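Please look through the model below with these numbered notes beside you.

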Amino acid sequence: MEILLIIRFCCNCTYALLYKPIDRVTRSTLVLHDLLKHTPVDHPDYPLLQDALRISQNFLSSINEDIDPRRTAVTTPKGETRQLVKDGFLVEVSESSRKLRHVFLFTDVLLCAKLKKTSAGKHQQYDCKWYIPLADLVFPSPEESEASPQVHPFPDHELEDMKMKISALKSEIQKEKANKGQSRAIERLKKKMFENEFLLLLNSPTIPFRIHNRNGKSYLFLLSSDYERSEWREAIQKLQKKDLQAFVLSSVELQVLTGSCFKLRTVHNIPVTSNKDDDESPGLYGFLHVIVHSAKGFKQSANLYCTLEVDSFGYFVSKAKTRVFRDTAEPKWDEEFEIELEGSQSLRILCYEKCYDKTKVNKDNNEIVDKIMGKGQIQLDPQTVETKNWHTDVIEMNGIKVEFSMKFTSRDMSLKRTPSKKQTGVFGVKISVVTKRERSKVPYIVRQCVEEVEKRGIEEVGIYRISGVATDIQALKAVFDANNKDILLMLSDMDINAIAGTLKLYFRELPEPLLTDRLYPAFMEGIALSDPAAKENCMMHLLRSLPDPNLITFLFLLEHLKRVAEKEPINKMSLHNLATVFGPTLLRPSEVESKAHLTSAADIWSHDVMVQVLLYYLQHPPISFAELKRNTLYFSTDV
């Protein structure tokens, strides 16, 4: 009896002294989250609440780190401890098709598994597809790797269609929630969204990551980010520095190891937005302005450049690249980029040494392999980046320090146009004023930028999507505004992405969008029509309602974008890609419309409307100005 009392006393003490304080901090953290949600940003208590939340989260993180090793280890039949170091979902190319795998990196073995299909109520388990002891694992060099098995790439336009469906489903879910719709309807929409996001995640990665077993067999993964490939490679190479022995797992040992994966895994869900909780941040929508200033800490001179990646639709995409700074240990780029964000939460910066040796070609994708010198990632905290001022920071990576600045412009602010009385120059001046002054049907700046892109940029990968250097774009803007006689010479020498960026900037800075404020509600209604004939009549009728300079310029741009999309196999720019880039620039809600839709759901929805309108015209057979005007006789021009 006394022993039982002592045990009960010890348990109570353990609960009171160990568990209860941690539980109290956990509950306090949840309360702080709720308080922050309902406290205005300009309230004097807001920064104090932020500090309190940060301190609580750091405390809980330190507790988790202390107990983490016990949760991520498995004991082998020989009594040795095998630690889980890293795990995640990767796309494997197996039997000429893509398979989503869960890959587990332990201290001495890499294991590739897939989740078994189980009936309701049963515990989920993993099925091991293969494993390689780290002592037997090697990374083939580019010249050693054999050509990859034939994998039919998913057409870009189909990937873009998936993104469009995902955005539309996301909008429908938000509308259902706003209207307090039935939970069954919401769950049905979420299921459809997950199916499309899963397909996108499976079919979008293109960066090869090959590993080889000394005993003969190679395995190929496809990743979406060079950053991710580098993380896996570095984690494996770090473990291989230890004194590792080759081994073969018995069937029992393999069964025990595979069985432990479900409990040990740190990545529980496929990285898609439909797996996010409702209270999780939807990410940032708008434009991130980034200046990559300089880097230091290199041990010797090299040819150096940086790339910028942001996350979108559950995976990372490369968005910008600095110029190569040759033969230096302290590059000073000072290059500014404007990056469009679509629900993004993180920014990655990778620093490379440029390789000019054509013998070092990766046979999996026929690209020269540049060496990653360092990489770093930061969270895009809305409270930090959503300011009018630049925020300067430093990312440390492998002893290298990269200095950069950034600021964020929300989508509604980036599309906000101010009335202009300016009559000189071309930027910020009404298109009717410019064409009348130039005695032209299409502004000179539009014609020259389009001509230059078609001459030497139509096969450029990511044309119109990859950001041009902001200083180059501003230089071109100044030259066009001044009508400088050296315009053509400057265009011929300028980076093609800067010229593409200048064209986008011109349309964005028009005092009124090309498709006009007045017609936005009608375009919104027209694109939503389900009857094809009614939609055709309405959408053509809206074009006829545009002022002539706007209509002629729009049709000119439309044909140019179609010619760009014809080179999609080379430039990777589909019609949907181009509609995503130009749609919000050519069409946007007026100030009154914007104020009527203040929620993020409405913001996403209105953005999709802009994209869908332009996509409709891009997918339409050629539209003739003369034919449109001829049909004006048979239709009313009132909208």
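1. Phe262 counts as partly exposed, at a relative accessibility of 26%, whereas Tyr126 is buried with a relative accessible area of 6%; here buried means under 20% relative accessible area, exposed over 50% and partly exposed in between, with a 1.4 Å probe and protein chains only. This is a predicted model, in which local features need pLDDT of at least 70 and side-chain atom pairs count only at pLDDT 80 or more, while totals for chains, interfaces and linings use all residues. Residues are numbered from 1 along each chain as its sequence is written, and side-chain values use heavy atoms, with hydrogens and water left out.

2. The structure holds 15 aromatic pairs, where rings of Phe, Tyr and Trp (its six-membered ring) pair if their centres lie within 6.5 Å, and planes under 30 degrees apart count as stacked, over 60 as edge-to-face and the rest as tilted. Among them is the tilted pair of Tyr126 and Phe262, with 6.4 Å from centre to centre and 50° between the planes. Because Tyr126 lies in strand E5 (residues 126–133) and Phe262 in helix H6 (residues 251–264), this pair ties together parts that are 136 residues apart in sequence. Helices (H or I, at least four residues) and strands (E, at least two) are DSSP runs, numbered from the N terminus.

3. Ring pairs also link Trp130, Phe139, Phe209, Tyr219 and Phe221 into a cluster. Arg233 lies over the face of Phe139, at 4.6 Å from the ring centre, and the charged end of Arg508 sits over the ring of Phe287, 5.0 Å from its centre; the rule is that NZ of Lys or CZ of Arg is within 6 Å of the ring centre and within 35 degrees of the ring normal.

4. Strand E7 (residues 207–213) is mostly covered, since 6 of its 7 residues are buried. E7 pairs with strand E8 (residues 218–223) in the antiparallel sense over 6 bridges, pairing being counted if DSSP finds at least two bridges between two strands. Phe209 has Phe221 in E8 as its bridge partner, and E7 and E8 form a hairpin with 4 residues between them, where Gly216 in the turn has a positive phi of about 130°.

5. How far can the model be trusted? The protein chain averages a pLDDT of 82, with 79% of the residues scoring at least 70; pLDDT is the predictor's confidence in each residue, from 0 to 100. Over residues 597–605 the pLDDT stays under 50. Where pLDDT is low, the predicted coordinates should not be read in detail.

Terms used
Contact = heavy atoms within 4.5 Å.
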